[in-house]
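Here is a briefing for a reader new to this structure. Look over the sequence and the model, then read the points below.

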Amino acid sequence: MNLVQQLINGIVLGHAYALIAIGWTVLLGVARLVNFGHGQIYMLAAFVTWWSVAALGLPYPVAIGVAVVAGIVIGLIMQAAMLRLTFAQDLVSIMIVTLGFGHMMRGIAGLVFGGNPQVLETPLSWVEFEIAGSWVTAQDVAIVVVAILFFLLLHLVLERGSLGRTARMVAEDPKLAQLAGIDVRRVYFAVFAFEGAAVALAAALVAPRTPILTNIGFEEVIITFVVVVLGGIGSVAGSYLAGLGLGIFTALFGGFVSPAYATTAAFLVLIVVLVLRPSGLAMGRASR
Amino acid sequence: MSPVLEARDLRVAYGGNLALDIPHLALEPGELVGVVGANGAGKSTLVNALLGWSRGTPSVSGSIRLDGEEIGQLPPHARVARGLTLVPEGGAVFMRLTVEDNLAAAQAPRGSNRRAHDEAEIYALFPRLKERLRHHASMLSGGERQMLAIARALRLGPRALLLDEPSIGLAPRLVADVLRTVRGLVDEKLSVLLVEQNVRAAIEVVDRLVLLERGRILASGPAAAMRDDPRILAAYLGEAAA
């Protein structure tokens, strides 16, 4: 087994994980919310991207845009349905409602897109580069580049300027934020729209790597969970590092030990880390 | 002269239990009204209800007018945007933000012609805050947090300011400082409704005093007259009723 190839795979996978998880990181960091329909938004957005390319004949970059818009719409619909629960911070009900939304999305995807696995072919899948005797596709490079740019942009937005300050105020105390004249309702909608958009973007970029089925998404939500917790809940930089670390670990474990137990091993790492450092690898400063 | 802030038939209930029942309460321009009463009399409930704000989920009914405009149905942030601001009990500030960010986060809406304190005025009023701009609010003392909370409210350009027990937990000398500052703001034409447990200190600075008991107004009147009110004397100023 080629170490360089596994490392490259791990780096690509890691950036994919980080990108898939970032919506939930912000959701948890700013709004203290969870979304167990996260994986199904991923699945639906993957289908939307495929459908835009295969059925509508749209260019791939436009299809990514369509998927992101679909993600935003789904996020807004979910938040509209859960607004009262959000204000009450009723996490158990939110968990159940989002799980329900996830199942509905799976059903809708089955009805609309059918039960057959689909393959999303993009112009980037065919372009390959050689690095030290190993191969990487342009699609993989795109995942890494977009993830890095996305995280940098998000870091800048949250660290500087009034938008990030508003997010930090709502994260710390939504009630007090109202007294500063902030429409917390709008912030919650914006955060859920961002969650939908981010996971849709991830799906549009990552889905070409695997067949698209209505039952994908479960693994993505589990990975997201691991990344968010490992990274220190709500920490943007922590999520990036945790995603990258998990990707490299999964690739190396899969390459040198057994791909079948890679997810199991990832959970083992999660448990060990949580026992040793309950706040995650990064010291969990919300929304940083 | 019409009141800046006026509440009519304001009722607040928690789970069916009436906690507050105020037929009429008005705050005139440039007036400092003190709301006093024992623990649980409904003082905080009153100011929170005026803003439609609460950490719990009370049901609130009645009419609230700010500069003649009915605001009783608006969400809290919209009332803040119209110029009604609240400094809740305990000097609530954003602990994880720096003093500078706490201040920057509070801004009067663009295009409003209300008077908002600019940075220089804030620092003139609270010089301590200028020295601690880069500190996180969590590192401030209780008194400094209270200053920051009031400063934030002033940055929002309030028409009427609701202050909920600004003196709580402060050393006696600081209490006098805070109340003197509030009086100074009122002398510059700000209208303030001040909830205060320290009746002895409050009565020195307010124009009018409202005495609450079990969610109802028991007595109200000019501070000078209330000073001799037997109910105030007996309960709060530690003297036997005449």
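In this predicted model, pLDDT stays under 50 over residues 284-288 of chain A. pLDDT is the predictor's confidence in each residue, from 0 to 100. The model has 22 contacts beyond four places in sequence for residues 284-288 of chain A. Two residues are in contact if their C-beta atoms, placed from the backbone, lie within 7 Å. Where pLDDT is low, the predicted coordinates should not be read in detail.

Residues are numbered from 1 along each chain as its sequence is written, while chains are lettered from A and ligands numbered from 1 in the order in which they are written. Because the model is predicted, local features need pLDDT of at least 70 and side-chain atom pairs count only at pLDDT 80 or more, whereas totals for chains, interfaces and linings use all residues.

**Confidence in chain A**

- The average pLDDT of chain A is 90. A score of at least 70 is reached by 97% of the residues.
- Confidence in chain A is highest in helix H2 (residues 38-54) of chain A, at 96. It is lowest in helix H11 (residues 262-276) of chain A, at a mean of 84. Helices (H or I, at least four residues) and strands (E, at least two) are DSSP runs, numbered from the N terminus.

**Helix H9 of chain A**

- Helix H9 (residues 218-230) of chain A has 13 residues, which should span 18 Å at 1.5 Å a residue. The expected span is 1.5 Å times one less than the number of residues. The end C-alpha atoms of H9(A) are 18 Å apart, which agrees.
- The buried residues of H9(A) include Glu220(A), Val221(A), Ile223(A) and Thr224(A). A residue is buried if 20 or more other C-beta atoms lie within 10 Å of its own, exposed if 12 or fewer, and partly exposed in between; C-beta atoms are placed from the backbone.
- The buried residues of H9(A) pack against helix H1 (3-31), H2, helix H10 (236-256) and H11 of chain A.

**Chain B as a whole**

- Chain B holds 10 helices and 10 strands. Its radius of gyration is 17 Å, close to the 18 Å that the globule rule gives for 242 residues, so chain B is as compact as a globular protein of that length. The radius is taken over C-alpha atoms, and the rule is 2.2 Å times the number of residues to the power 0.38.
- Along the principal axes, the C-alpha atoms of chain B fill a box of roughly 50 × 40 × 35 Å.
- Buried residues make up 48% of the 242 in chain B.
- Among contacts in chain B with a separation of 6 or more, 68% join residues 24 or more positions apart.

**The antiparallel sheet of chain B**

- Four strands of chain B form an open sheet in the order S2-S1-S4-S5, with antiparallel pairing. Its edge strands are S2 and strand S5 (69-70) of chain B, and each pairs on one side only. Two strands pair if DSSP finds at least two bridges between them.
- Nine bridges link strand S1 (residues 5-14) of chain B to strand S2 (residues 17-27) of chain B. Glu6(B) has Ala26(B) as its bridge partner, and Leu10(B) has Ile22(B).
- S1(B) and S2(B) make a hairpin with two residues between them. In the turn, Gly15(B) has a positive phi of about 50°.
- S1(B) also runs antiparallel to strand S4 (residues 59-66) of chain B, over seven bridges. Ala13(B) stands opposite Ser59(B) there.

**Strand S3 of chain B**

- Strand S3 (residues 32-37) of chain B has six of its six residues buried, so it is largely enclosed by the rest of the structure.
- Leu32(B), Gly34(B) and Val36(B) are buried on one side. Val33(B), Val35(B) and Gly37(B) are buried on the other.
- S3(B) pairs in the parallel sense with strand S8 (residues 191-195) of chain B over four bridges. Leu32(B) stands opposite Val192(B).
- S3(B) also pairs in the parallel sense with strand S9 (residues 208-213) of chain B, over five bridges. Here Gly34(B) has Leu209(B) as its bridge partner.

**Where the chains touch**

- The contact takes 13 residues from chain A and 19 residues from chain B. H2(B) gives the most to the side of chain B that touches chain A, with four residues.
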